[in-house]
Amino acid sequence: MNEIVQEKVINGHKNGMQMMLLIIGAYAVAVALLVVTAIGLDGAEVLIAGATSEGFNLFLFILSCVYVAIGWYPLLGLKVLKPGEALVLTLFGKYIGTLKEDGFYYVNPFCSAFNPAADTKLGQSGDIADNKRIAGITINSGDMQMTGTGFSKKISLKVMTLSNSRQKVNDFLGNPVEIAVAVMWKVTDTAKAVFSVDNYKEYLSLQSDTAVRNVVKLYPYDVTENVDTTGDGQSDDGSLRGSTEVVAQRIKDEIQAKVADAGIEIVDARITYLAYAPEIAAAMLQRQQAAAVVDARKLIVDGAVGMVELALERLNEKELVELDEERKAAMVSNLLVVLCGNHDAQPVVNSGSLY
């Protein structure tokens, strides 16, 4: 990056109201003097500072005309800031400081506000207003980026939420997944934001997309055996679906490392959407359903075996019937069929001998 400009906060210039009244008063005096001198030049006898000279009247007339023509220019030095706003000021291309506190300021009228990202709209909170009109220009909130000279050059210091569009990324196993992340951020150093990068909003958006891709490819969508997601050489249970907090924290840390030199602080990051890509979603759903069926069957079998074991133990304790190994096997088989079957059993009553 280029040489980093240090932020300088301008203090002690909250005299906008006094200067506005002074400028308006001087302008009113100039208008009145213009009228008086014009009457004097027209032949009327007017006493001005003890002189009635026509030449002096002409001088005052010209001076009044000039001031009336350009006397409004000092009003450009009036700056109003609301809470959570900042204004970066430059004088003939040189950075002179930043207004950060809310108030009514007066600065050098030759100063100009600088914000290269003023006309960049990312579709995020606080960045777009429906049909907002500035200096006669109507802005439609559906436009992602516009150019023009009617945009406010103020920089918002509030926490804003960037929600880029969904991305299709391959996970650790190569399966395509769709993911969307909401990034909460704010500008902490206005000088770095406007001078260190060309456009800090586009820079943040690009780094967010890159960080999401870099982190997502380290995790499988679901828990998978023999996968190391932490980099410690040991397999773990990390996954996109089961470790959303950990994944979001890693995305936040990676974005912060990239945008620190741009004067931006990442407050938080959250995954707002996560799903398999449509082309494999059906197959993965069948896989999940099959896994769920297998797990359910295992639970049913474990329970059935326990019940059969308990039944045999109770029969032995009560000594209700003596069963040899062959009959025990038949009993176990029948009980397992009844307990593990999907449908209710249809018993067959044997009215004859067991043998």
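**Salt bridges, a cavity and surface features**

Good morning, colleagues. I begin with Glu85, which is buried, with a relative accessible area of 15%. Here, buried means under 20% relative accessible area, exposed means over 50%, and partly exposed lies in between, computed with a 1.4 Å probe and with protein chains only. What you see is a predicted model, in which local features need pLDDT of at least 70 and side-chain atom pairs count only at pLDDT 80 or more, while totals for chains, interfaces and linings use all residues. Residues are numbered from 1 along each chain as its sequence is written, and side-chain values use heavy atoms, with hydrogens and water left out.

Glu85 meets the side chain of Lys82 in a salt bridge, at 3.9 Å from N to O. By salt bridge I mean a side-chain nitrogen of Lys or Arg within 4 Å of a carboxyl oxygen of Asp or Glu. Is Lys82 buried or exposed? At 51% relative accessibility, Lys82 counts as exposed, whereas Glu85 is buried.

By this rule, the count comes to eight salt bridges. Side chains of opposite charge can pair when their charged atoms come close. Consider Glu7 and Lys100, whose closest N and O atoms are 3.1 Å apart in a salt bridge. Glu7 lies in the segment before α1, and Lys100 in the loop between β3 (94-99) and β4 (103-106), so this pair ties together parts that are 93 residues apart in sequence. Helices and strands are DSSP runs numbered from the N terminus, with helices being H or I of at least four residues and strands being E of at least two. Glu7 is partly exposed at 23% relative accessibility, and Lys100 is also partly exposed, at 22%.

A further salt bridge joins Arg270 to Glu245, with the closest N and O atoms 3.8 Å apart. Arg270 belongs to strand β12 (residues 264-276) and Glu245 to helix α5 (residues 244-259), so the pair connects parts that are 25 residues apart in sequence. Arg270 counts as partly exposed, at 35% relative accessibility. Salt bridges that share partners also join Lys82, Glu85 and Lys154 into one network.

I turn now to the chain as a whole. Its secondary structure comes to seven helices and 12 strands. Of the 355 residues in the protein chain, 31% are buried. Contact means heavy atoms within 4.5 Å. Among contacts between residues at least 6 apart in sequence, 67% join residues at least 24 apart. The protein chain exposes about 21,400 Å², of which carbon and sulfur atoms supply 56%. Accessible areas come from the Shrake-Rupley method with a 1.4 Å probe, and for residues only the protein chains shown count as cover.

How many cavities of 30 Å³ or more does the structure hold? There is one, and the largest cavity has a volume of about 80 Å³. A cavity is a set of points, on a 1 Å grid over the protein atoms alone, where a 1.4 Å probe fits but cannot get out; lining residues have an atom within 4 Å of a point. Grid points are joined across faces, edges and corners, and the volume is the space filled by probe spheres set on the points. The lining includes Leu162, Asn164, Ile179, Val181, Ser208, Asp209 and Val212. The elements giving two or more residues to this lining are β11 (176-187) and α4. With four residues, β11 gives the most.

Leaving aside neighbours within four places in sequence, Gln207 is in contact with Ile255, Lys258 and Val259. Lys201 also lies in α4 and is buried at 8% relative accessibility. From Lys201 to Leu162, 39 residues apart in sequence, the C-alpha to C-alpha separation is 9.4 Å.

I close with the surface. Ile24, Trp72, Leu75 and Leu76 form a nonpolar patch there, with about 360 Å² of accessible area together. Patches are made of residues with over 30% relative accessible area and no salt bridge, with nonpolar side chains (Val, Leu, Ile, Met, Phe, Trp, Tyr) joined within 5 Å and like charges within 9 Å. Ile24 belongs to helix α1 (residues 16-41) and is partly exposed at 46%. Phe110, in the loop between β4 and β5 (112-113), is partly exposed at 47% relative accessibility. Not counting residues up to four places away in sequence, Phe110 touches Tyr73, Thr90, Leu91 and Phe92.

Definitions and conventions. 1 Å grid on protein atoms, 1.4 Å probe; cavity = no way out; pocket = protein on both sides within 12 Å on 5 of 7 lines; lining within 4 Å.
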